[in-house]
Amino acid sequence: MTRDSAIVLLTLDEITGLELLRGAIPVDSFAQVFAVDGGSTDGTRELLAEMGVPVYDQPIPGRGVAFRVAADVARTERLVFFSPDGNEDPSDIIRLDDLLVQGADLAIASRFAAGASNEEDGHFLRPRARVNQGFTWIANKLFNRGPYVTDTINGFRAMRRQALVELQTTVKRFPIEYQISIRAMQRGWRIAELPTNELPRAGGESKCLSWPVGKDHLKVLLTELPGSRWFGER
Ligand SMILES: Nc1nc2c(ncn2[C@@H]2O[C@H](COP(=O)(O)OP(=O)(O)O)[C@@H](O)[C@H]2O)c(=O)[nH]1
Ligand SMILES: [Mg+2]
């Protein structure tokens with residue numbers, strides 16, 4: 001039986017990862033599978049077409065914009081966002097959807113939960129992981145009244161289509177996930193995490209440049225601050 005859920009592939013020049021993972025994405029279990037593409041020119045779009053996956057364009061680039069396009073075009077109750085760049089383990093796709101079925105409002109594949117691992121494990125300084133965990137700590141302090149969320153930033157996540165619409169997100173680029181996590185916390189939504197193993201990028205390059213993306217996360221923190229525990233009712 002297919003799930004009332006869609007796999008949303010987020011792509012911007014991910015031909016290598018997509019070729020590697022195409023057989024491992026559980027397309028048959030889901031009612032809908034589609035891609036939102038940020039303007040790939042490396043053959044990603046052609047490969048998606050060959051796989052029979054519809055490709056939707058976005059009016060301007062950015063993952064945040066892609067999330068909203070996905071909410072517009074999906075016909076299912078639930079959405080699982082999967083980025084086929086090699087970092088995310090496709091065997092977690094169904095597990096994330098299951099967390100929603102079990103009652104979570106937001107399901108996040110966590111790179112920092114007990115039993116999880118992230119790309120930088122084994123490195124000495126782990127700068128990216130530390131900055132990630134710093135932003136997560138602040139979000140928990142400012143906005144969370146529920147159990148500690150260990151990864152507020154990872155893009156590998158699932159939620160109901162209607163919940164995404166309700167959050168009225170505004171972020172255009174990478175920190176869309178941070179805004180979603182924060183707004184879910186503000187509303188006291190049930191956030192469930194799944195420990196995941198972050199794998200190495202398959203090919204191509206990360207579009208997530210540390211400094212600009214870090215700055216964008218700070219901006220999200222500032223814009224969401226009026227809804228924090230400091231300003232809101234306690
Ligand atoms: N649809 C869409 N996908 C994007 C865009 N920017 C990045 N992505 C995809 O989002 C995923 C994560 O991006 P990546 O650069 O790997 O970030 P990192 O994993 O944080 O290093 C990849 O699958 C990218 O192809 C965009 O503007 N639109
Ligand atoms: Mg990646």
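Which residue follows α4 with a positive phi? That residue is Gly103, and its phi is near 120°. Welcome to a short tour of a predicted model, in which local features need pLDDT of at least 70, side-chain atom pairs count only at pLDDT 80 or more, and totals for chains, interfaces and linings use all residues. Residues are numbered from 1 along each chain as its sequence is written, chains are lettered from A and ligands numbered from 1 in the order in which they are written, and side-chain values use heavy atoms, with hydrogens and water left out.

**Overall build**

- The chain has 8 helices and 7 strands; these are DSSP runs numbered from the N terminus, with helices being H or I of at least four residues and strands E of at least two.
- Its radius of gyration is 17 Å, close to the 17 Å that the globule rule gives for 234 residues, so the chain is as compact as a globular protein of that length. The radius is taken over C-alpha atoms, and the rule is 2.2 Å times the number of residues to the power 0.38.
- Along the principal axes, the C-alpha atoms fill a box of roughly 50 × 40 × 35 Å.
- Of the 234 residues, 50% are buried (under 20% relative accessible area, with exposed over 50% and partly exposed in between; 1.4 Å probe, protein chains only).
- The accessible surface of the chain is about 11,100 Å², and carbon and sulfur atoms hold 55% of it. Such areas come from the Shrake-Rupley method with a 1.4 Å probe; for residues, only the protein chains shown count as cover.

**Ligand 1**

- Ligand 1 is surrounded by 20 residues, and the closest are Glu14, Gly62, Asp85, Ser206 and Lys207 (a residue is near if one of its heavy atoms lies within 4 Å).
- A nitrogen atom of ligand 1 lies 2.9 Å from a backbone N or O atom of Val36.
- Taken alone, ligand 1 exposes 570 Å², of which the protein buries 91%.

**Helix α4**

- Helix α4 spans residues 93–101, and its buried residues are Ile93, Leu96, Asp97, Leu99 and Leu100.
- Seen down the axis of α4, these buried residues fall within an arc of 150°, so they line one face of the helix. The arc is that of the directions from the helix axis to the C-beta atoms.
- Their cover includes the strands β1, β2, β4, β5, β6 and β7.

**Thr196**

- Thr196 sits in the loop between β7 and α8 (210–224), and counts as buried because its relative accessibility is 5%.
- Its side chain makes a polar contact of 2.5 Å with the side chain of Asp92 (a pair of N or O atoms within 3.5 Å; within protein, one must be able to donate a hydrogen and the other to accept it, and residues adjacent in sequence count only if both atoms are side-chain atoms).
- Leaving aside neighbours within four places in sequence, Thr196 is in contact with residues including Asp92, Ala109, Ser110 and Asn154.

**Arg63 and helix α3**

- Arg63 belongs to helix α3 (residues 63–73), where 8 of the 11 residues are buried.
- At 17% relative accessibility, Arg63 is itself buried.
- Not counting residues up to four places away in sequence, Arg63 touches Leu10, Ser83 and Phe174, among others.

Terms used:
Contact = heavy atoms within 4.5 Å.
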